[in-house]
Amino acid sequence: MDGIEGRVRGAVDVWLRWLPRWQIGTARPRTRICRKCTGSPIASAAGFGPDVPHAVQHALIGRISTIVEDAVDDYTAKNLPLLQRELERADARKRHAGYQPAEGLSPEFQGLDVDPEPSPGSPFLFTLGELAGTGAAEQTPREPLSDEAKAALRHEIELSDECARSTGTAVCLALIDHRERIAEAVERLVEPQIEALVSDMFRGFDGPEEGPRSGLF
């Protein structure tokens with residue numbers, strides 16, 4: 001776990017530099033539950049409350065998740081040869097699968113919809129999602145694994161999962177130390193935007209001011 005604290009600190013630093021660029025007016029509503037953020041222990045460790053916008057949470061959760069993923073990748077490459085071979089084969093299949101619009105995005109955008117919802121009556125000429133798979137090449141079917149190889153691979157996957165759990169725990173513990181910085185940034189940069197939006201939404205909802213009574217009653 002050497003370096004976890006430093007990497008978490010660095011991820012929070014990058015998020016803090018990104019946050020001033022976030023604007024609530026440009027945030028797109030989600031049509032699906034975000035599997036990366038929903039119920040994430042990273043969100044709890046960061047101290048995010050339910051009122052923190054998803055995009056703000058997702059940007060930090062994505063960067064912290066990358067720390068765990070990188071640690072698991074490194075552990076797998078050094079200690080789990082069967083699983084590493086399967087991952088390399090999966091990467092090769094991706095390279096032959098054509099254009100993938102969700103690949104290569106920065107952590108702030110990974111896992112988000114690549115296309116916004118179309119406006120009623122104004123469909124898009126094309127979407128990035130529709131372009132997925134463009135230029136795909138034919139792939140050679142792989143030979144099936146033997147029962148022994150499957151059992152060995154399952155064991156290596158269990159070891160990989162254990163690495164992910166232990167690294168995730170260490171990352172969350174390190175992130176707790178940065179709660180104060182995170183909360184201060186949310187209070188300073190995010191909450192005023194939410195308050196302004198709510199104020200705009202309810203402006204004019206109050207009825208017209210009562211004029212002077214006519215004296216008839």
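This is a predicted model: local features need pLDDT of at least 70, side-chain atom pairs count only at pLDDT 80 or more; totals for chains, interfaces and linings use all residues.

Modeller: The protein has 7 helices and 0 strands, and its elements run α-α-α-α-α-α-α from the N terminus on. Of its 217 residues, 26% count as buried.

Biologist: Why are helix 1 and helix 7 called roughly parallel to each other?

Modeller: Helix 1 (residues 4-18) and helix 7 (residues 179-202) pack at an angle of about 10°. Angles under 35 degrees count as roughly parallel, and helix 1 and helix 7 are therefore given that description. Their axes lie 11 Å apart.

Biologist: Which residues make the contact of helix 1 with helix 7, and how many of them are nonpolar, polar or charged?

Modeller: Helix 1 contributes Arg9, Val12, Asp13, Trp15 and Leu16, while helix 7 contributes Arg181, Ile182, Ala185 and Val186. By class, this contact of helix 1 with helix 7 comprises 6 nonpolar and 3 charged residues, with no polar ones.

Biologist: What makes up the largest nonpolar core, and which residues have the most contacts inside it?

Modeller: The largest nonpolar core has 34 residues, and Val8, Trp15, Phe48, Ile64, Leu175 and Ile182 are those with the most contacts inside it. At least two residues of this core come from each of helix 1, helix 2 (41-46), helix 3 (54-79), helix 6 (147-176) and helix 7. Helix 3 gives the most, with 8 residues.

Biologist: Which residues does Leu175 touch, not counting residues up to four places away in sequence?

Modeller: On that count, Leu175 touches Val8, Val12, Ile42, Ala45, Ala46, Ile64 and Ile182.

Biologist: Turning to charges, what makes the pair Arg181 and Asp13 a salt bridge?

Modeller: The closest N and O atoms of Arg181 and Asp13 are 2.7 Å apart. A salt bridge requires such a nitrogen and carboxyl oxygen within 4 Å, so the pair of Arg181 and Asp13 qualifies. A search of the whole structure finds 7 salt bridges.

Biologist: Where do Lys78 and Asp74 lie, and is Lys78 buried or exposed?

Modeller: Both Lys78 and Asp74 lie in helix 3, 4 residues apart, about one turn of the helix. Their side chains meet in a salt bridge at 3.2 Å, N to O. Lys78 has a relative accessible area of 62%, over the 50% cut-off, and is therefore exposed. Asp74, at 40%, is partly exposed.

Biologist: How do you know whether Glu86 is buried or exposed?

Modeller: The relative accessible area of Glu86 is 13%, under the 20% cut-off, so Glu86 is buried. The side chain of Glu86 meets that of Arg89 in a salt bridge (3.1 Å, N to O). Arg89 is partly exposed, with a relative accessible area of 32%. Both residues, Arg89 and Glu86, lie in helix 4 (residues 81-95), 3 residues apart, about one turn of the helix.

How values were computed: Residues are numbered from 1 along each chain as its sequence is written. Side-chain values use heavy atoms; hydrogens and water are left out. Axes are lines fitted to C-alpha atoms, for helices over the stretch in contact, and angles run from 0 to 180 degrees between N-to-C directions. Angles under 35 degrees count as roughly parallel, over 145 as roughly antiparallel, 65 to 115 as roughly perpendicular and the rest as oblique. Contact means heavy atoms within 4.5 Å. Ala, Val, Leu, Ile, Met, Phe, Trp, Tyr, Cys and Pro count as nonpolar, Asp, Glu, Lys and Arg as charged, and the others, Gly among them, as polar. A nonpolar core is a set of buried Ala, Val, Leu, Ile, Met, Phe, Trp, Tyr and Cys residues joined through side-chain atoms within 4.5 Å. Buried means under 20% relative accessible area, exposed over 50%, partly exposed in between (1.4 Å probe, protein chains only).
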